[in-house]
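Hi everyone, thanks for coming.

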Amino acid sequence: MLGQGYDGAASMSGNFKGLQSVIREKHSAALYVHCSANSLNLALAHSSNIHYIRNCIGTVKSVDELQLFHDIETSSKALNLYGSITTSEFVTSLVTANTLFSLTLPLCKSLQLVTCDLSETVTFVETVLNDVEDMRININQTFKEIFEKAKNMLKLIDGEDQIKIPRLVGRQKNRNNVNVNSTEKYFHIAIAIPFYDDFIQQLKDRFSKHKTVLSSLSLLIPKMCHKAAISATDFNLYSDYIDMDLL
């Protein structure tokens, strides 16, 4: 069985005038699901809006762009960026993000394989989701390892032995004002917990339809019908082809 998958733009996914609806007018069995790779990208983009992670990724992009120019202005920008990449918050955010991205990069490549079907998509995503949830459950140990890597990296690039808490003020709208004495605890609360929590929720939300469609399709396989309770609503996917009143 073949289906169709695009991004979530209305021109592609719209139920009335979107490309997927036009195709289904001629091929009604061509089920639509949101493009898996795009769903993963949106999940990561949403999670990366955590203040320190967003600033870290923005700095990395700026450093990459500097390679295209060679002038006095570029030298000035490079000096400013050097100051940014040697801060405690940048290094800690970089290592935290890298820990998660090391799991999602192989997933992204797998989702873009021509041979990757819906069943494999759900399996790949569930595997990564389980890994990230395990990291979140053991977040104290997870971040302890991240924090040690961040300290070693900061020492290599700047000779600084300690990671420092950013300056806090009475009222702060643009970053977390976590009132703790421990530097590790500060970044644990300000970066790791919201970053992992948001990504886990995003992954669940953005791939829920993929699982629903796959679950409905699996009911067509006789041996699968005996593994779980079945209700009439499970067959809504096939309402165009069967008499739902008979169920």
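So, look at helix α6, residues 88–111, and helix α8, residues 139–158: their axes come within 9 Å and cross at roughly 130°. The axes here are lines fitted to C-alpha atoms, for helices over the stretch in contact, and angles run from 0 to 180 degrees between N-to-C directions. Why those two numbers? Two packed helices are described by the angle between their axes and the distance between the axes.

Before I go on: this is a predicted model, where local features need pLDDT of at least 70 and side-chain atom pairs count only at pLDDT 80 or more, while totals for chains, interfaces and linings use all residues. Residues are numbered from 1 along each chain as its sequence is written, and side-chain values use heavy atoms, with hydrogens and water left out.

Back to our pair. α6 and α8 are therefore oblique to each other; under 35 degrees counts as roughly parallel, over 145 as roughly antiparallel, 65 to 115 as roughly perpendicular, and the rest as oblique. Their crossing is right-handed, meaning the near helix is turned clockwise from the far one by less than a right angle.

Which residues of α6 and α8 meet? On the α6 side we have S88, V91, T92, L94, V95, T96 and T99, and on the α8 side F143, I146, K149, A150, M153, L154 and I157. Contact just means heavy atoms within 4.5 Å. Sort the residues of this contact and you get nine nonpolar, four polar and one charged.

Also in helix α8 is N140, and this one is exposed, with a relative accessible area of 54%. The cut-offs: buried is under 20% relative accessible area, exposed over 50%, partly exposed in between, using a 1.4 Å probe and protein chains only. The C-alpha atoms of N140 and I193 are 9.7 Å from each other, with the two residues 53 apart along the chain.

Now the inside. The largest nonpolar core has 40 residues, and L40, Y196, F199 and L203 have the most contacts within it. Such a core is a set of buried Ala, Val, Leu, Ile, Met, Phe, Trp, Tyr and Cys residues joined through side-chain atoms within 4.5 Å. Elements giving two or more residues to this core include α6 and α8, but α9 gives the most, with 10.

Zoom in on L40: leaving out residues up to four places away in sequence, L40 touches T104, L107, C108, L111, F199, L203 and F207.

Key: Helix = DSSP H or I, 4+ residues; strand = E, 2+ residues; numbered from the N terminus. Nonpolar A, V, L, I, M, F, W, Y, C, P; charged D, E, K, R; others polar.
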